[in-house]
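Q: I have a model open and want to go through it piece by piece. Can we start with the helices?

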Amino acid sequence: VERNAAGATYGWGVVFSDRTLTSFREADYRTYVDIVDRFVTWDAIDVRYRDETVRCGGQGFSGIARKALLRLLQQRCSELGVQLRFETEIQDVSSLSDFDLVVAADGVHSVFRSTREGRFRPKVEHGRSRFIWFGVEHPFDSFSFIFRTNDHGTFQAHAYPFDGSMSTFIVETSEATWRRAGL
């Protein structure tokens with residue numbers, strides 16, 4: 001049961017570590033192969049600060065476009081006989097009592113978390129950082145952390161490729177810097 005339409009997603013790419021891929025391979029080899037056939041891979045992390053870049057290799061990451069991953073997972077569910085229902089909002093957790101498995105990923109205002117607070121014991125902290133999430137036509141060759149300071153304050157970006165021509169590029173800053181920059 002999904003609140004959004006079949007192809008809807010937020011964000012651009014998804015990154016997996018080697019350890020996560022091992023779990024995928026062990027859980028469902030067929031889906032693993034379908035996913036890794038579409039991956040872009042890299043093994044470096046770059047930290048760019050001032051005029052210097054420090055590269056650390058050997059980390060092993062893979063990325064894929066979110067929409068491509070959704071299509072693969074939805075197709076695999078269909079092949080396995082899983083009935084998918086889109087554009088449906090769950091208001092009452094008890095409406096799912098007949099399901100064999102419920103994976104709840106319903107966001108910050110989770111009906112699942114709120115109805116089971118005693119069991120999950122969630123801790124929610126509202127941060128003050130500001131960020132924006134871009135998809136850029138630039139295939140980074142590493143997981144890049146970039147720090148830049150100007151008259152307004154410090155901005156931090158992290159970026160990573162998710163296919164052969166696109167990367168996710170997230171810029172974050174403090175609320176004070178954001179306001180001084182007029183954003």
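Q: What covers the buried residues of H2?
A: The cover includes H1, S3 and H3. This is a predicted model, where local features need pLDDT of at least 70, side-chain atom pairs count only at pLDDT 80 or more, and totals for chains, interfaces and linings use all residues. Residues are numbered from 1 along each chain as its sequence is written, and side-chain values use heavy atoms, with hydrogens and water left out.

Q: Which residues of H2 are buried?
A: Thr-31, Tyr-32 and Ile-35. Buried means under 20% relative accessible area, exposed over 50%, and partly exposed in between (1.4 Å probe, protein chains only). Helices (H or I, at least four residues) and strands (E, at least two) are DSSP runs, numbered from the N terminus.

Q: What does Phe-39 touch?
A: Not counting residues up to four places away in sequence, Phe-39 touches Phe-16, Leu-21, Ser-62, Gly-63 and Ile-64. Contact means heavy atoms within 4.5 Å.

Q: Switching to pockets: how much space lies in the largest pocket?
A: About 1700 Å³. On a 1 Å grid over the protein atoms alone, a pocket is an open set of points where a 1.4 Å probe fits, with protein on both sides within 12 Å along at least five of seven lines; lining residues have an atom within 4 Å of a point. The volume is the space filled by probe spheres set on the points, which are joined across faces, edges and corners.

Q: Which lining residues are closest to its centre?
A: Of 47 lining residues, Val-1, Glu-2, Cys-77, Leu-84 and Val-103.

Q: Which element supplies the largest share of that lining?
A: H3 again, with 7 residues.

Q: Last one, Thr-22: where is it found?
A: Thr-22 is in helix H1, and counts as partly exposed because its relative accessibility is 27%.
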